[in-house]
Amino acid sequence: MDKKHRHPGAKLVAPLDPSRRRALMRLGAAGIATAALAAGRVRDAEADTVRLTEDDAQAKALAYVHDATTVDGARYPQRSSADMVCSSCQLFKGEAGSAWGKCTLFPGKQVNADGWCIAYAARQG
Ligand code: SF4
């Protein structure tokens with residue numbers, strides 16, 4: 001198209017040379033990878049702070065409660081001692097003294113240190 005017939009608002013766009021196009025594609029891929037990593041970190045951080053609810057299907061299946069003192073001893077005689085709480089369970093991965101912590105049985109969620117479920121296993125040592 002010659003200059004006389006070009007639309008006045010149209011701009012000439014020079015084609016990218018192949019090496020510049022490759023460099024831009026690499027930058028784009030790196031940006032996407034960085035964004036994906038950042039999103040993953042946000043999800044991990046969220047998972048670390050999401051608290052398990054007693055309404056959760058798996059929590060119900062395992063009779064999990066936030067407060068072990070509310071466990072019906074007649075129904076769950078396996079909770080035979082007041083010491084049997086999440087914080088003394090092998091599967092509890094929370095920091096010592098923290099009110100909530102991760103549990104191997106509930107990935108991505110935190111359980112209450114004073115909670116309990118039927119999978120309780122006393123920590124050894
Ligand atoms: S497995 Fe242990 S730490 Fe996890 S919810 Fe049950 S009693 Fe608590």
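This report describes the fold, the ligand shell, the nonpolar core and several individual residues of a predicted protein model.

## Basis and confidence of the model

The model is predicted, and local features are given where pLDDT is at least 70, side-chain atom pairs count only at pLDDT 80 or more, and totals for chains, interfaces and linings use all residues. Residues are numbered from 1 along each chain as its sequence is written.

The protein averages a pLDDT of 79, and 62% of the residues score at least 70, where pLDDT is the predictor's confidence in each residue, from 0 to 100. Over residues 1–5 the pLDDT stays under 50, and the model has one contact beyond four places in sequence for this stretch; two residues are in contact if their C-beta atoms, placed from the backbone, lie within 7 Å. Residues 32–37 also have a pLDDT below 50, and this stretch has zero contacts in the model beyond near neighbours in sequence. Where pLDDT is low, the predicted coordinates should not be read in detail.

## Overall fold

The secondary structure comes to two helices and two strands, which follow the pattern α-α-β-β when read along the sequence. Helices (H or I, at least four residues) and strands (E, at least two) are DSSP runs, numbered from the N terminus.

Of the 125 residues of the protein, 19% count as buried; a residue is buried if 20 or more other C-beta atoms lie within 10 Å of its own, exposed if 12 or fewer, and partly exposed in between, with C-beta atoms placed from the backbone. Among the contacts with a separation of 6 or more, 57% are accounted for by residues 24 or more positions apart.

## Ligand shell and nonpolar core

The ligand is surrounded by 13 residues, of which the closest are Cys86, Cys89, Phe92, Cys103 and Cys117; a residue is near a molecule if its C-beta atom, placed from the backbone, lies within 6 Å of it. By class, this shell has twelve nonpolar, one polar and no charged residues, where Ala, Val, Leu, Ile, Met, Phe, Trp, Tyr, Cys and Pro count as nonpolar, Asp, Glu, Lys and Arg as charged, and the others, Gly among them, as polar.

The largest nonpolar core has 18 residues, and those with the most contacts inside it are Tyr64, Cys86, Val111 and Trp116; such a core is a set of buried Ala, Val, Leu, Ile, Met, Phe, Trp, Tyr and Cys residues joined through C-beta atoms within 7 Å. Not counting residues up to four places away in sequence, Val111 touches Leu52, Tyr64, Cys86, Trp100, Gly101, Cys103 and Phe106. In soluble globular proteins, nonpolar side chains tend to be buried together.

## Residues around the strands

Gly101 is found in strand S1 and counts as buried because it has 20 C-beta neighbours inside 10 Å. Beyond four places in sequence, Gly101 touches Phe92, Lys93, Gly94, Glu95, Gln110, Val111 and Ala113, and the C-alpha atoms of Gly101 and Ala113, twelve residues apart along the chain, are separated by 6.7 Å.

Gly115 lies in the segment after strand S2 (110–112), and with 26 C-beta neighbours inside 10 Å, Gly115 counts as buried. Although Gly115 and His66 are 49 residues apart along the chain, their C-alpha atoms are separated by 4.1 Å; His66 is also among the residues that Gly115 touches, a list including Tyr64, Val85 and Cys86.

## Residues in the loops

Arg51 lies in the loop between helix H1 (18–49) and helix H2 (57–61), and counts as partly exposed because it has 13 C-beta neighbours inside 10 Å. Arg51 touches Trp100, Lys109 and Gln110, residues up to four places away in sequence not being counted, while Arg51 and Val111, 60 residues apart in sequence, are 6.2 Å apart in space, C-alpha to C-alpha.

Ala63 is found in the loop between H2 and strand S1 (100–102), and has a positive phi of about 55 degrees although it is not a glycine; with 17 C-beta neighbours inside 10 Å, Ala63 counts as partly exposed. Gly97 also lies in the loop between H2 and S1, but Gly97 is exposed, with 8 other C-beta atoms within 10 Å. From C-alpha to C-alpha, Gly97 and Ser87 are 8.3 Å apart in space, and they are ten residues apart in sequence.
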